[in-house]
Amino acid sequence: MASPALTAPTPFSGVLFPARATRAQEKCRDPRLLRFRIRAETMATEKLGIKVERNPPEARLAELGVRQWPKWGCSPSKFPWTYAAKETCYLLQGKVKVFPEGHGDEFVEIQAGDLVEFPKGMNCTWDVSIAVDKHYCFD
């Protein structure tokens, strides 16, 4: 007997569902569970003191008022930066490696679609490989 065809995993789930799901398997597609998996995918991570939330839902951006924040951009370049206040930003375009001072060659890579929080007092170097366009807010 041939095995049933499988659908590809979703970006927020490693679960494979048969193309022709049984009633019990349909329960696994419960929309409440789908929302849970989406939330899990958009959870923030922290590395080297920088918090990154990949592809937050539009509702999260609206809740923060991101689209009303001022914008800033720059072309590919490399420069030092110090955060005099906590900054939260949302990258519309671009790709950057951020090297926090005191961590050697370790870096955090941020890109379009990321909601990022930099702590007050952080000294770092920005290495912009793809031109940046972002909304930002200082606290």
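**First stop: Phe 118**

Select Phe 118 and display its surroundings: beyond its neighbours within four places in sequence, Phe 118 is in contact (heavy atoms within 4.5 Å) with Ile 50, Tyr 83, Ala 85, Lys 86, Glu 87, Cys 89, Val 98, Ile 110 and Trp 126.

This is a predicted model, in which local features need pLDDT of at least 70 and side-chain atom pairs count only at pLDDT 80 or more, while totals for chains, interfaces and linings use all residues. Residues are numbered from 1 along each chain as its sequence is written, and side-chain values use heavy atoms, with hydrogens and water left out.

**The nonpolar cores**

Next, select Ile 50, Val 98, Ile 110, Val 116, Phe 118 and Trp 126, the residues with the most contacts inside the largest nonpolar core, which has 19 residues. A nonpolar core is a set of buried (under 20% relative accessible area) Ala, Val, Leu, Ile, Met, Phe, Trp, Tyr and Cys residues joined through side-chain atoms within 4.5 Å. At least two residues of this core come from each of strand 2 (50-54), strand 5 (87-100), strand 6 (108-111), strand 7 and strand 8; strands are DSSP runs (E, at least two residues), numbered from the N terminus. Then select Leu 61, Val 66, Trp 69 and Leu 115, which are among the five residues of a second, separate core.

**The loop at Lys 120**

Move to Lys 120, in the loop between strand 7 (114-118) and strand 8 (123-138). Is Lys 120 buried or exposed? Lys 120 counts as exposed (over 50%, with a 1.4 Å probe and protein chains only) because its relative accessibility is 64%. Leaving out residues up to four places away in sequence, Lys 120 touches Tyr 83, Ala 84, Ala 85 and Lys 86. The C-alpha atoms of Lys 120 and Ala 85 are 4.3 Å apart, although 35 residues separate the two in sequence.

**Last stop: confidence**

Finally, colour by pLDDT, the predictor's confidence in each residue from 0 to 100. The protein averages 81, and 70% of the residues score at least 70. Over residues 1-40, pLDDT stays under 50.

Conventions
Helix = DSSP H or I, 4+ residues; strand = E, 2+ residues; numbered from the N terminus.
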